Amino acid sequence: DHPCTIPMQSVAGSEDFQNTGMKLPMVLGMDVDGKPMLMELAKAPHILIGGATGQGKSSLIHTLITSLLLKKKPDELKFVIIDSKRTEYAIYETLCNHFLTGLPGEGKHIITDTDKAVQVLEYLCQEMDVRYDLLKKSGCRNIKEYNEKFLSRKLNPLKGHRFLPYIVVVIDEFADLLMTAGKEIEEPIAR
């Protein structure tokens, strides 16, 4: 009956969020009973957020990013952020030595150029193929199982094995990216 704004701290500080067993937990808000609403990104790896201008799409994305930053260490999680507006996600540039990743050898970590966006998505497809090969060689079915095996020293780094952080790709203004990059970006996005 009385909707109100829910401060992020009230959900992020909750016992449900602090003790969750989720691999990639994200805060969505609270339900009508005041219970925190969480979502497991690892179980819904593709999310499209749509709506009219000023309806809170970017605020939700910031909340989702913040949730992940609160629960994961820099060696467990990397973000690739593609921001065609050039301003919305600039605040995360300070995380460049910790949580952000981009094109190898590039100075900027927030991708704002369409050509660079295509390149970084192609690079991520290559990384995906390498990871599939590592999973196959290790006899693991998913990244969680693989990392547990690696951390328990059952996989040899001399044979190319390494810890695999989760990689979360955030694309702001997805429709603009599709319109400006065209066919070039469709294949890496589909993969």
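**Fold, core and pocket**

Modeller: Happy to. The protein chain holds seven helices and five strands, and please keep in mind that this is a predicted model.

Biologist: What is the order of the elements from the N terminus on?

Modeller: The elements run α-α-β-β-α-β-β-α-α-β-α-α.

Biologist: Why is the protein chain called as compact as a globular protein of that length?

Modeller: The globule rule gives 16 Å for 191 residues, and the radius of gyration is 18 Å, which is close to that, so the description holds. As for extent, the C-alpha trace spans about 60 × 40 × 30 Å along its principal axes.

Biologist: How many of the residues count as buried, and what makes a residue buried?

Modeller: The cut-off is a relative accessible area under 20%. Of the 191 residues, 34% count as buried.

Biologist: What makes a group of such residues a nonpolar core?

Modeller: The members have to be buried nonpolar residues joined through side-chain atoms within 4.5 Å, so a set that is linked in this way counts as one core. The largest one here has 26 residues, and Leu 68, Leu 77, Phe 79 and Ile 81 touch the most other members. H3, strand E3 (77-83), H4, helix H5 (143-151) and E5 each supply at least two residues of this core, with H3 giving the most, four residues. A second, separate core has twelve residues, including Ile 82, Leu 103, Leu 124 and Leu 177.

Biologist: Which residues is Ile 81 in contact with, leaving aside its neighbours within four places in sequence?

Modeller: Ile 81 is in contact with Tyr 89, Tyr 92, Leu 100, His 109, Ile 110, Ile 111 and Val 170. Each of these contacts rests on heavy atoms within 4.5 Å.

Biologist: Now the largest pocket. Which residues lie nearest its centre?

Modeller: Pro 45, His 46, Ile 167, Val 168 and Val 169 do, out of 48 lining residues. Helix H3 (57-71), helix H4 (114-138), strand E5 (166-172), helix H6 (174-181) and helix H7 (183-190) each give two or more residues to the lining. The largest share, eight residues, comes from H4, and the volume of the pocket is about 1,900 Å³.

Terms used:
Residues numbered from 1 in each chain as written. Predicted model: local features only at pLDDT ≥ 70, side-chain atom pairs only at ≥ 80, totals over all residues. Heavy atoms only, no water. 1 Å grid on protein atoms, 1.4 Å probe; cavity = no way out; pocket = protein on both sides within 12 Å on 5 of 7 lines; lining within 4 Å. Points joined across faces, edges and corners; volume = space filled by probe spheres on them. Buried < 20%, exposed > 50% of the residue type's maximum accessible area, 1.4 Å probe, protein only. Rg over C-alpha atoms; globule rule 2.2 N^0.38 Å.
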